[in-house]
Amino acid sequence: MNGLMGDGECFHMRCSAHILNFVVNEGLRDKHLAVTSVRDAVRFVKSSPQRGAKFKECIEFAEITCKKLVCLDVSTRWNATYLMLEAAEKFQFAFEKLEDEDSSYREFFGKVSSIYCELQQATMNLNYIFASVGGDMMEKYNKYWGSVDKLNKMIYFGIILDPRYKLRFIEWTFKDMYGVGSKLGSNLLKAIKESLQKLYDWYKQAYDQKLNSGQPLGSGGQASNSETNATAVCSSVMARAEAFEQHLKEQDSIDQENELEGYNSKCVKKDPNFDILIF
């Protein structure tokens, strides 16, 4: 006898809510890419008052009357992910409008790669103090942005789906960052291609199912021809943009195996009057 009823055989009770959370997350495993994309989009608009205000403008433009607010989920609450998706779905057109209006949402990857190149040059500075500071900053950079898993893949997709850059800009940038023939750059590019192909297959399957069932494919959101005010960029970023233009002139077209690779085979020539909504 140890003082516990039944010698403690019924003393331990598993947390039902915790187990239910495991069950639901297991069901969401195959949808991880889509859920993560929504989560990062919500996190983006809630990350600062300025982005929140811009998102409200997009909601008004899209004429969305829903009074709910987007919310982030938490890992310990099984129903939090559902509530996040339920709210975000009602603001789909507003998110699409925000992607067109907010340049930082689309150009984030270009700025991240430019920072890497600047830090790389700093680490090779002949001044020991500058080189040491650059090394410390590079170490912190690699901690958060040093691999493809540490950046939301929608950042890459935002560049790829811009017909002026596509996948060739990602490939060129990795060669510029890590060097031609770099194993790290090759692995990053391979992971992005696999994720892009997976997303393409998912949309193609959904499209084929709707097409075969005779259901309407949807009309999409409202579009705007308003021009986005360009923000000032540093000279190094401009130089990299010009270098990529030169790279496109020298690069031959790749073989086209499917519609996705056909899209990525050739970039649209950069034009200050280019409107991605008309493309």
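Does Phe169 count as buried or exposed, and at what relative accessibility? In this predicted model, Phe169 counts as buried, at 9% relative accessibility (buried is under 20% relative accessible area, exposed over 50%, partly exposed in between, with a 1.4 Å probe and protein chains only).

Residues are numbered from 1 along each chain as its sequence is written, and side-chain values use heavy atoms, with hydrogens and water left out. Local features need pLDDT of at least 70 and side-chain atom pairs count only at pLDDT 80 or more, whereas totals for chains, interfaces and linings use all residues.

**Figure 1. Overview of the protein chain.** The secondary structure comes to twelve helices and zero strands (DSSP runs numbered from the N terminus: helices are H or I with at least four residues, strands are E with at least two). Buried residues make up 33% of the 279 residues. Of the contacts (heavy atoms within 4.5 Å) with a separation of 6 or more, 70% are between residues 24 or more positions apart.

**Figure 2. Phe169 and Trp172 in helix 9.** The two rings form a tilted aromatic pair, 6.0 Å centre to centre with 35 degrees between the planes (rings of Phe, Tyr and Trp, the last by its six-membered ring, pair if their centres lie within 6.5 Å; planes under 30 degrees apart are stacked, over 60 edge-to-face and the rest tilted). Phe169 and Trp172 are three residues apart in helix 9, so about one helical turn separates them. Trp172 counts as buried at 10% relative accessibility.

**Figure 3. Tyr156 against Phe174.** By the ring rule the count comes to nine aromatic pairs. In the pair of Tyr156 and Phe174, the ring centres are 6.4 Å apart and the planes lie at 65 degrees, so the pair is edge-to-face. Tyr156 is in helix 8 (residues 153-160) and Phe174 in helix 9 (residues 166-178), 18 residues apart, and the pair links distant parts of the chain. Both Tyr156 and Phe174 are buried. Ring pairs also join these two with Tyr116, Tyr141 and Tyr178 into a cluster.

**Figure 4. The largest nonpolar core.** This core has 30 residues, and those with the most contacts inside it are Phe109, Tyr156, Ile170 and Phe174 (a nonpolar core is a set of buried Ala, Val, Leu, Ile, Met, Phe, Trp, Tyr and Cys residues joined through side-chain atoms within 4.5 Å). Two or more residues come from each of helix 6 (103-123), helix 7 (128-145), helix 8, helix 9 and helix 10 (183-213). Helix 9 gives the most, with seven residues. Leaving out residues up to four places away in sequence, Phe109 touches Ile155, Tyr156, Ile159, Phe169, Ile170, Thr173 and Phe174. A second, separate core of 17 residues includes Ala62, Ile64, Val70 and Phe91.

**Figure 5. Thr173 and the backbone of Phe169.** Thr173 is in helix 9 and counts as buried at 0% relative accessibility. The side chain of Thr173 reaches the backbone oxygen of Phe169 at 2.7 Å.

**Figure 6. Lys97 over Phe61.** Lys97 lies over the face of Phe61, at 4.1 Å from the ring centre (NZ of Lys or CZ of Arg must be within 6 Å of the ring centre and within 35 degrees of the ring normal).

Figure 7. The chain averages a pLDDT of 75, and 73% of the residues score at least 70 (pLDDT is the predictor's confidence in each residue, from 0 to 100). Over residues 219-234 pLDDT stays under 50, and the model has 19 contacts beyond four places in sequence for them. Residues 252-256 also stay under 50, with eight such contacts. Where pLDDT is low, the predicted coordinates should not be read in detail.

Methods: A polar contact is a pair of N or O atoms within 3.5 Å; within protein, one must be able to donate a hydrogen and the other to accept it, and residues adjacent in sequence count only if both atoms are side-chain atoms.
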